[in-house]
Amino acid sequence: MKNKKSTLLLLFLALSFWGNENSAFAQKSKEREYWVKTMIKIIDPLYTNLSQNTLRKNMPVETFDGLNNGNTRKNVTHLEALGRSFNGISAWLNLPPDDTKEGKLRAKYTELVVKSIANAVNPKSPDYMRFDGPGGQPLVDAAFFAQGLIRSKDQIWPKLDKITQERVIKELKASRRIKAFECNWLMFSATIEAALLEFTGECELKPIHHALKRHKEWYKGDGWYGDGRNFHLDYYNSYVIQPMLIDVLAIMKKHGIEGADFYDVQLQRFIRHADQQEKMISPEGTYPVLGRSMGYRFGAFQVLAQVSWMKLLPKHIKPAQVRCALTKVMKNQLIKGTFDKDGWLNLGFCGHQPEIADRYVSTGSNYLCTFIFLPLGLQPDDEFWTAKPEKWSSMKIWSGSRDIKKDDAIRN
């Protein structure tokens, strides 16, 4: 009788443990599910339309001074939407195919993205997008598109037919006609050349070396680069500079290009910047609204997202801290007014706030916000998604917790 009771007790404990574990796993799965659902909500109108050659017909063009008033932006806003959104979802698209619910969803959007790219580079398509003008803006988004190709090279590039691949290469080379300004723009030319090196084995090295030389000169210390000679207190270290530096250097290292030894130095700066970004998220899940391009919303956390995706977070930052912090940030910003009645992103930082938009920002610019989704490139069973919820740094500090590490600058 005693043995029977013991057996029943063990069975009860086992079932309780299994139930709790399953409940916890379900909660964690819901968090990833929220990320995927949010990402799809943002990108679906874009890829549904572009894959059907109706993007120009149906996408509104909103600027700071009203809806469809930005005639000069109408020439570039569609490439902005494609280049930025593709870059943001590229890590997710690069996961191997699987038969899960998410895997089937990914297969659907992979097909839409492949069709969309084919239409975007087809000169006969109504949604054809020139990478060489008018103006300088296409250089920016040709580079974001190129970075997306690099990040999704295992799954997207092989699925493009030969004609589309040739057209993509032609358009990337055409962007060389645009001269980059002496600021973060140098990284756009460098990233395009790095992509050409990766996909064709050839590129022009001068823009790459020039971009590296200048950014070494513009480094201000403790993980921060100037945007040109001057320091700007904004998020361009995360929007552009640091992610493109690390990706370009990684390709240089892979191909044995002179100057790739700078990768290790940049990696330390990159990780330090991610460390700072995690600390910038308040206990409430807000962050400072500072500098240009705040309409890019939570795309400001690309560095933190990429370091998480690369599994290079500092030891004192648990992946679950980042997951919880960024989830809270998203939920704070995606309030009523973020989307118009047809699901397109409105201008704004929190809701619909066209007044916050810079003069160079239009509807397509908004899709840089997708850069936050890079951790979706980690498998669903990765620690980032499965570890129990954790308080992020500011939550710990402001609650009086002693589970903290003092901050310190890096010296290189």
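Predicted model: local features only at pLDDT ≥ 70, side-chain atom pairs only at ≥ 80, totals over all residues.
Trainee: Where is R297 placed?

Mentor: R297 sits in the loop between helix 10 (263–280) and helix 11 (302–309).

Trainee: Why is R297 said to have no salt bridge?

Mentor: A salt bridge needs a side-chain nitrogen of Lys or Arg within 4 Å of a carboxyl oxygen of Asp or Glu. For R297, the nearest side chain of opposite charge is E62, 7.6 Å away. That is beyond the cut-off, so R297 is buried yet has no salt bridge.

Trainee: What does R297 touch, leaving aside residues up to four places away in sequence?

Mentor: Its contacts include Y287, Q333, N346, F349 and C369.

Trainee: What makes helix 11 mostly covered?

Mentor: Buried means under 20% relative accessible area, and eight of the eight residues of helix 11 are buried. Among them are V303, L304 and W309. The buried residues pack against helix 3 (77–93), helix 5 (137–151), helix 9, helix 10, helix 12 (319–333) and helix 13 (383–386).

Trainee: How do helix 9 and helix 11 pack?

Mentor: Two packed helices are described by the angle between their axes and the distance between the axes. For helix 9 (residues 236–255) and helix 11, the angle is about 35° and the axes are 8 Å apart. Helix 9 contributes N237, S238, Y239, Q242, P243, I246 and D247, while helix 11 contributes Q302, V303 and Q306.

Trainee: How many residues of that contact are nonpolar, polar and charged?

Mentor: Four are nonpolar, five polar and one charged. Asp counts as charged, so D247 of helix 9 is a charged residue of the contact.

Trainee: What follows helix 11?

Mentor: K311 does, with a positive phi near 60°.

Terms used: Residues numbered from 1 in each chain as written. Heavy atoms only, no water. Helix = DSSP H or I, 4+ residues; strand = E, 2+ residues; numbered from the N terminus. Buried < 20%, exposed > 50% of the residue type's maximum accessible area, 1.4 Å probe, protein only. Lys, Arg positive; Asp, Glu negative; His and termini not counted. Contact = heavy atoms within 4.5 Å. Axes fitted to C-alpha atoms, helices over the stretch in contact; angles between N-to-C directions.
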